[in-house]
Amino acid sequence: MKKNLKAMVMAAGMGSRLEPITLMIPKPLIPVMNRPIMDIILSQLHNIGVEDVISNTYYLANQIIDRYKNNKLGVNFNYIKETELSGTAGGVKKCQFFFDEGEDFIVMSGDILTTADIKKGIEIHKASGAIATIGVKEIPHEFVSHFGVVVTGDDGFIKEFQEKPSVEEAKSNLINTGIYIFNYKIFDYIPENTFYDFAKNVFPKLLEENAINTFIVDEYWNDIGTIGQYKQSIQDVFNGLCKIEHDKIIETNLGNYLAGDSKIPSTVRFIGNSVIGNNCKLGEYIKLDNCILLDNSEVKMGSDLTDCVVIPSNNHPKLLKKIENKENITV
């Protein structure tokens, strides 16, 4: 694989479905086992030979820039700051200057947890001569209405897209994973300074030219787009379905937990699988059942929490109002 393989991680979105967490943290920095999703993505890219990465940033951009401009993940991090959102394809277009003419490159959503074999995807892409190759995953048919569905021919090239079809109307149970390998030619299909989307604007044109290939993601994949999906991703790591690097899991009589640098009183009881972030304050005689405590959170003495995400309040009025209407979110 060429050493000049480059990648883009899309990191501009506001993550409204993940509020109230995303009122404080941009979606790519939401932690899985106390590691931001984007840390995991950048490490995976480094492991397949990517040295140079760019991101488009917009919402809470400085948090992302500050974390990665001098990172220790093995990649040279570059970025642009968008003054207004420009769509998935529009954001990639703004990064055209970063990529090498005639070369292939990777684009990934900054909110996916996956162990996909991207190297395999690149090999399939190069062999096919496609302009775009999309990672696709087979899911149970009853869940297709939550995703963009892909219909392929026998050769693996895409024949049709269906955006969140009903179960009855879905022609396939293959979904778009948000992992793309593009040839530089993709930029010919995206106008400058225009809000442009891959699904709505770019891919229909490429379909006409039979220029979109696929590779199957047999490995773990989860789109962390909702609180429910976020909590599920944590359980999937504990249960061995998703194998990523993380700190040691501590086993107790009734449950397991992973903790950052937070002090855990001996009277805390764990049931199921819980994650404790850094600088958290835990009182005595707490019970935590399948909970996630983000950094700087506090749980008062005697609390009994089940299936909760605990976040620091920061006395943020909008945050507190959101929490009032959100099940299983507490401060």
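1. A polar atom of the S233 side chain sits 2.6 Å from the backbone oxygen of Y230. S233 belongs to helix α6, which covers residues 227–238. The model is a predicted one, and the distances in this note are to be read as such.

2. Is S233 buried or exposed? S233 is buried, because its relative accessible area is 0% and the cut-off for buried is under 20%. Beyond its neighbours within four places in sequence, S233 is in contact with V32, L113, Y220, N222 and I224.

3. W221 is the next site to check. It lies in strand β13, residues 221–223. The relative accessible area of W221 is 11%, so this residue is also classed as buried. The W221 side chain reaches a backbone oxygen, that of T177, at 2.9 Å.

4. What surrounds W221? With neighbours within four places in sequence left aside, W221 is in contact with I112, L113, T114, K137, F147, I175, N176 and T177.

5. L258 sits in strand β15, residues 255–259. Its relative accessible area is 0%, so L258 is buried. Not counting residues up to four places away in sequence, L258 touches M33, N34, F238, H246, D247, K248, I249, S274, V275 and I276.

6. L258 and N296 are 38 residues apart along the chain, and their C-alpha atoms are separated by 15 Å. W221 and S274 are 53 residues apart in sequence and 21 Å apart in space, C-alpha to C-alpha. S274 is one of the residues that L258 touches.

7. S297 is a loop residue. The loop runs between β19 (292–293) and β20 (298–299). Is S297 buried or exposed? S297 counts as buried, because its relative accessibility is 1%. Its side chain reaches the backbone oxygen of L294 at 2.6 Å. Leaving out residues up to four places away in sequence, S297 touches N279, C280, K281, V310, I311 and P312.

8. Now the aromatics. How many aromatic pairs does the structure hold? The count is 16. A cluster linked by ring pairs takes in F98, F99, F105, F161, Y180, F182, Y184, F187, F198 and F203.

9. On the overall fold, the protein chain has seven helices and 23 strands. Among contacts between residues at least 6 apart in sequence, 60% join residues at least 24 apart. Of the 331 residues, 56% are buried.

10. Why does the radius of gyration agree with a compact globule? A compact globule of 331 residues would have a value near 20 Å, and the protein chain has 21 Å, so the two agree. Along the principal axes, the C-alpha trace spans about 65 × 45 × 40 Å.

11. Last, the surface. The protein chain exposes about 15,500 Å². Carbon and sulfur atoms supply 46% of that area.

Key
Residues are numbered from 1 along each chain as its sequence is written. This is a predicted model: local features need pLDDT of at least 70, side-chain atom pairs count only at pLDDT 80 or more; totals for chains, interfaces and linings use all residues. Side-chain values use heavy atoms; hydrogens and water are left out. Rings of Phe, Tyr and Trp (its six-membered ring) pair if their centres lie within 6.5 Å; planes under 30 degrees apart count as stacked, over 60 as edge-to-face and the rest as tilted. Helices (H or I, at least four residues) and strands (E, at least two) are DSSP runs, numbered from the N terminus. The radius of gyration is taken over C-alpha atoms; the globule rule is 2.2 Å times the number of residues to the power 0.38. Buried means under 20% relative accessible area, exposed over 50%, partly exposed in between (1.4 Å probe, protein chains only). Contact means heavy atoms within 4.5 Å. Accessible areas come from the Shrake-Rupley method with a 1.4 Å probe; for residues, only the protein chains shown count as cover. A polar contact is a pair of N or O atoms within 3.5 Å; within protein, one must be able to donate a hydrogen and the other to accept it, and residues adjacent in sequence count only if both atoms are side-chain atoms.
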